[in-house]
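Dear colleague,

Please find below the structure that I am handing over to you.

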Amino acid sequence: MPKASRFNLATLCAGIAFLYLPILILIIYSFNASRLVAVWGGWSTHWYAELAGDAPLLDAAFISLRIAMISASAATVLGTLAAVVLVRFGRFRGRLLFAAMIYAPLVMPEVITGLSMLLLFVAISIDRGFWTVVIAHTTMAMCFVAVIVQSRLIDFDMSLEEAAMDLGASPAQTFIAVTLPLILPAIASSWMLAFALSLDDLVIASFTTGPGATTLPIRIYSEVRLGVSPEMNAVCSIMVAVVGVAVIAASVLTKLGAARGAPART
Amino acid sequence: MTTRPQRSFLAKLVVRIPYAWLAAFFLVPFLIVLKISLSQTAIAQPPYTPVFEISGGLHGIAQFFAGLSLGNYAFLGTDPLYFLSYVKSLEIGAFSTLLLLVIGYPIAYAMTRMPRQLQPILALLVILPFWTSFLIRIYAWINILQHDGPLNQLLLALHIVREPPVWLSTDTAVYIGIVYSYLPFMVLPLYATLEKLDETLLEAAADLGCPRWKTFWLVILPLSAPGVIAGALLCFIPIVGEFVIPDLLGGSRTSMIGQTIWTEFFANKDWPTASAVAVVLVCFLVTPIVVFQHQTMRGIERD
């Protein structure tokens with residue numbers, strides 16, 4: 001393999017710096033004692049302490065976490081089923097439409113998904129609120145889950161399933177005893193992706209939410225429109241830290257699981 | 001291919017649950033958008049004439065079709081605001097996809113040149129910002145680009161500029177925000193195809209005396225075409241409908257179509273017009289979406 005040239009190294013470093021510097025600057029500013037951006041007032045955790053007293057913000061964070069938990073779990077179940085259908089069921093009537101409904105939401109502009117969901121809820125006169133956001137997020141996230149689990153199922157060693165069936169297991173038993181444990185890492189990481197997508201979503205939630213269900217992104221958005229504030233810097237830094245730790249932990253766990261768990265389980 | 005199996009009740013259920021969910025919450029809503037885009041604006045709650053009265057029987061169906069009108073679409077044609085908004089969105093979508101390719105390609109290529117054991121870590125580093133909230137990443141740029149923000153401080157300190165330039169509320173800020181947010185979507189598909197590239201082809205080209213730039217142009221670039229197409233579509237389609245980035249970083253003059261739908265809907269409460277704008281946007285995006293689906297399905301089934 002040709003070795004990396006100096007140009008390659010430079011582009012890579014510049015690319016990584018471009019991706020991380022803005023977030024780093026944000027975190028540094030969240031510790032600025034001064035309210036003014038231009039003035040460095042020394043290090044301080046003042047703005048973090050301020051957050052603890054911001055009840056509407058904490059409420060919004062709690063609502064967002066609950067929505068993300070429920071919709072990620074529902075999306076994981078539905079998306080895994082969808083992936084099994086796509087990979088294991090061969091050709092059936094309506095497969096093309098099914099596949100289209102899985103792939104289209106991946107790239108569909110959120111404004112359109114949000115608008116169409118809202119019009120559905122109005123047409124069948126459901127009051128908008130917590131549960132309508134859950135339904136919307138589940139629908140969006142299940143497509144991402146389906147694609148991730150699908151690619152894992154395709155790599156799958158079919159002889160394991162065939163062996164189980166030859167030994168008299170029913171398709172359902174085979175799925176639970178053989179397939180499910182082997183695709184578990186993919187399912188776990190897609191749950192996390194679904195969780196992150198839900199926690200992050202502003203546009204779809206804005207369309208489908210109702211009174212009493214203001215999510216954290218909606219709250220942040222309304223503050224951010226007014227300009228930069230040190231409190232917002234602090235909120236955002238906390239969210240970055242939580243997500244960063246979770247993702248790194250998850251990837252380390254999957255690495256360990258892949259290295260140790262796979263041979264033991266088979 | 002598996003042979004057509006005997007479907008048990010359970011197997012049918014496995015198909016029907018996700019199918020029904022997607023039909024109910026993805027397909028049906030679209031049909032409703034289509035219907036409402038064809039109805040008249042009514043000053044009521046909800047602000048449009050009813051969708052469908054099944055109780056009316058045959059007469060109701062006749063009334064349903066009689067009630068449809070292309071008025072909202074005709075209205076889009078009369079106001080240049082909508083036309084300009086579509087043009088602006090497609091222009092920003094196309095130009096930023098090109099920018100992303102030019103910036104993302106060298107990064108993806110450089111990743112494949114790194115030692116094997118380092119590559120998964122680099123891929124994780126590229127994807128990690130995608131996991132942090134979209135809104136936060138845009139907000140981080142508001143911090144940087146504001147009038148007395150770090151970028152202007154740096155530029156003034158280095159004597160590159162005398163007066164702090166205005167960044168926020170400009171097209172430049174929108175482009176920066178888009179490139180920043182979508183870079184992982186461009187780099188990862190490119191990396192995935194470049195990584196599978198057969199090294200012996202490059203060696204063969206080198207042995208036959210082909211200069212490196214020519215190898216790149218004649219061998220590497222054509223072979224990475226699937227990645228280029230996947231990355232470009234993965235970026236272009238959502239960028240055209242982008243709302244948050246132009247809303248927070250762009251000026252009042254940069255109105256992209258996502259913002260137009262948002263304003264029609266939330267500020268003007270004109271649901272039929274918002275629906276018509278959305279339907280026309282989907283018409284623009286239908287070709288790239290179909291190509292994207294085709295590519296993804298082929299990509300997944302080939303692997």
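Predicted model: local features only at pLDDT ≥ 70, side-chain atom pairs only at ≥ 80, totals over all residues.

Chain A contains 11 helices and zero strands. Its C-alpha atoms fill a box of roughly 70 × 60 × 35 Å along the principal axes. Of the 266 residues in chain A, 42% are buried. Among the contacts in chain A with a separation of 6 or more, 78% are between residues 24 or more positions apart.

Between the chains, 69 residues of chain A are in contact with 80 residues of chain B. Several helices of chain A each supply at least two residues to the side that touches chain B, including α3 (55–88), α8 (171–200) and α11 (230–265). The most comes from α1(A), with 11 residues. By class, this side of chain A has 55 nonpolar, 10 polar and four charged residues.

The largest nonpolar core has 153 residues, and those with the most contacts inside it are A:L115, A:A146 and B:I138. Helix α3(A) gives the most to this core, with 15 residues. Leaving aside residues up to four places away in sequence, A:A146 touches A:G79, A:A82, A:A83, A:L86 and A:I102.

In chain B, helix α11 (residues 225–240) reaches 22 Å from its first C-alpha to its last, close to the 22 Å expected at 1.5 Å a residue. This helix, α11(B), is mostly covered, with 13 of its 16 residues buried.

With kind regards

How values were computed
Residues numbered from 1 in each chain as written. Chains lettered and ligands numbered in written order. Contact = placed C-beta atoms within 7 Å. Helix = DSSP H or I, 4+ residues; strand = E, 2+ residues; numbered from the N terminus. Nonpolar A, V, L, I, M, F, W, Y, C, P; charged D, E, K, R; others polar. Expected span 1.5 Å × (residues − 1). Buried ≥ 20, exposed ≤ 12 C-beta atoms within 10 Å, placed from the backbone. Core = buried A, V, L, I, M, F, W, Y, C linked by C-beta atoms within 7 Å.
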